[in-house]
Amino acid sequence: MALVELRSVVKRFGDHVVLNNVDLSVQKGEIIAIIGRSGSGKSTLLRCINGLEPVQSGEVLVDGVAVHDPKADLRKLRARVGFVFQSFNLFPHLTVERNITLAPTIVKGLERDKAAVLAREALKRVGLEEKLHAYADQLSGGQQQRVAIARSLAMSPTIMLFDEITSALDPELVGEVLRVLENMAREGMTMLLVTHEMNFARRVANRVLFMNQGTIWEQGPAAEFFQSPKTDELRNFLGSVLN
Amino acid sequence: MIRELSWVDPLYLIFALRWTVAITLLALAGGASLGLVVAACGSSGNAASRLAARAYVGLVQGIPLLAWLFLFFFGFPIFGIDVPGWLAATVAFSVYSAGFLGEIWRGALLSIPKTQWEASASMGLSYLEQLRYVIIPQAVRIATPPTVGFIVQLIKNTSLASVIGFVELTREGQMTAAATLAPLPVYLMVGALYFALCYPLTTYSRFLERRLHGAR
């Protein structure tokens with residue numbers, strides 16, 4: 001069974017239709033890049049998957065949890081779905097370590113010292129062991145984003161969602177974050193990434209989705225998708241971002 | 001009977017200061033409890049409770065403290081409830097403090113970016129856990145300087161309780177001044193005692209403010 005299954009999902013903000021009958025199926029281990037113009041619904045798609053945005057109709061099934069159901073156990077779901085934001089969203093009043101151990105100790109009931117070991121391991125995976133006791137405002141944007149990734153990893157998620165996580169970074173800091181993603185991809189993590197990094201999408205993603213007007217307009221294996229787009233909309237979009 | 005100002009008078013004033021402190025602490029206890037409710041209602045998703053909080057704050061801030069004091073001191077006896085001065089003062093100051101503290105704290109809660117809520121929600125924290133571990137610790141940091149500032153105002157405003165016969169620092173000063181016919185030295189001492197109480201708090205509040213804007 002698919003890890004993520006969206007069936008005829010409709011999401012509206014007032015009268016504005018953001019997701020219009022979206023169907024999507026994500027298998028375990030898949031790495032999916034989602035591209036498209038701003039306002040095309042790509043971020044909303046991610047946010048519907050972990051229940052940050054309720055949907056108006058359709059079904060959202062994630063790792064066996066019916067997210068569209070108002071009675072869904074979102075706590076259980078979110079413990080297994082990592083979400084990384086464009087603006088990092090570290091907790092500024094907590095150290096890096098506590099940022100990472102917070103959810104494991106509270107949501108999973110892990111003991112503090114065991115969680116601390118977990119934090120160290122997670123930080124190692126993003127190459128920031130030495131920042132254990134730092135605060136967010138002592139880190140660069142790239143470092144903050146890597147801590148945010150470590151924070152998600154510490155929950156041992158079955159799937160990770162990334163919402164334009166390099167868009168707020170200075171260009172020279174993008175690489176360090178993308179390298180972390182590539183490592184995770186190699187380790188077999190299931191990932192959905194909304195991204196503007198076309199080269200990264202081409203290199204790392206198994207499948208690329210192009211979103212337009214609230215629908216998945218076109219999709220395909222990365223190489224083919226960029227090589228020979230089928231619709232004019234995608235061709236125009238690629239033309240505008242690649243040149 | 002007129003008597004000379006003597007060395008015991010400053011001591012009496014200092015003793016009276018503790019009633020100023022006591023009424024301030026009582027008012028803070030009452031005002032903080034009610035203020036928490038006002039802040040919670042004022043920042044909740046429910047439109048009706050937001051409206052109620054706004055109405056309360058508007059009412060409290062739109063009526064002078066002295067009027068609140070008279071209302072409780074002279075108002076309760078009309079219904080056959082006789083209230084001693086200290087109780088009327090406590091209730092009036094609590095109602096008054098709740099209006100201001102509630103508004104300060106509501107502002108602090110709402111100043112925490114929505115993204116902090118989203119980040120903690122997407123990690124699986126419940127609403128109360130979000131408040132406890134993520135939102136309130138940050139809001140407290142923001143709210144502390146204005147809260148301390150308000151406490152300084154409150155200390156000085158407790159002098160109004162003297163008009164309903166509660167013997168705190170100002171009332172004690174009035175009585176001493178009347179008995180000795182030496183208002184200038186007496187009120188200088190009264191002023192100095194208020195200052196001794198308030199100035200350290202003001203300094204502390206400034207220090208907190210600087211720390212808040214300096215880092216984290």
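Visitor: What is the order of the strands in the open sheet of chain A?

Guide: In this predicted model, six strands of chain A make an open sheet with mixed pairing, and their order is E6-E7-E8-E3-E9-E10.

Visitor: What makes strand E6 and strand E10 of chain A edge strands?

Guide: Strand E6 (81–84) and strand E10 (215–221) of chain A each pair on one side only. From one strand to the next, the twist averages 15°.

Visitor: How do you know that strand E9 of chain A and E10(A) pair?

Guide: Two strands count as paired if there are at least two bridges between them. Strand E9 (residues 207–212) of chain A and E10(A) have six bridges, in the antiparallel sense, so they qualify as a pair. Met211(A) has Ile216(A) in E10(A) as its bridge partner.

Visitor: Why is H1(B) called roughly antiparallel to H7(B)?

Guide: The axes of helix H1 (residues 8–42) and helix H7 (residues 169–180), both of chain B, cross at roughly 150° and come within 7 Å. Angles over 145 degrees count as roughly antiparallel, and therefore H1(B) is roughly antiparallel to H7(B).

Visitor: Which residues of H1(B) and H7(B) meet?

Guide: From H1(B) they are Asp9(B), Tyr12(B), Leu13(B), Ala16(B), Leu17(B) and Thr20(B), and from H7(B) they are Leu169(B), Glu172(B), Gly173(B) and Thr176(B). By class, the contact of H1(B) with H7(B) has five nonpolar, three polar and two charged residues.

Visitor: What makes the contact of H5(B) and H6(B)?

Guide: H5(B) contributes Gln116(B), Trp117(B), Ser120(B) and Ala121(B), while H6(B) contributes Gln130(B), Val134(B) and Ile135(B). The contact of H5(B) with H6(B) has four nonpolar and three polar residues, and no charged ones.

Visitor: Which residues of helix H5 of chain B are buried, and what do they pack against?

Guide: Ala119(B), Ser120(B) and Ala121(B) are the buried residues of helix H5 (residues 114–121) of chain B. The buried residues of H5(B) pack against helix H6 (127–157) of chain B.

Visitor: How many residues does each chain give to the contact of chain A with chain B?

Guide: Chain A gives 19 residues and chain B gives 18 residues. On the side of chain A, helix H2 (74–80) and helix H3 (96–106) are the elements that give two or more residues.

Definitions and conventions: Residues are numbered from 1 along each chain as its sequence is written. Chains are lettered from A and ligands numbered from 1 in the order in which they are written. This is a predicted model: local features need pLDDT of at least 70, side-chain atom pairs count only at pLDDT 80 or more; totals for chains, interfaces and linings use all residues. Two residues are in contact if their C-beta atoms, placed from the backbone, lie within 7 Å. Helices (H or I, at least four residues) and strands (E, at least two) are DSSP runs, numbered from the N terminus. Axes are lines fitted to C-alpha atoms, for helices over the stretch in contact, and angles run from 0 to 180 degrees between N-to-C directions. Angles under 35 degrees count as roughly parallel, over 145 as roughly antiparallel, 65 to 115 as roughly perpendicular and the rest as oblique. Ala, Val, Leu, Ile, Met, Phe, Trp, Tyr, Cys and Pro count as nonpolar, Asp, Glu, Lys and Arg as charged, and the others, Gly among them, as polar. A residue is buried if 20 or more other C-beta atoms lie within 10 Å of its own, exposed if 12 or fewer, and partly exposed in between; C-beta atoms are placed from the backbone.
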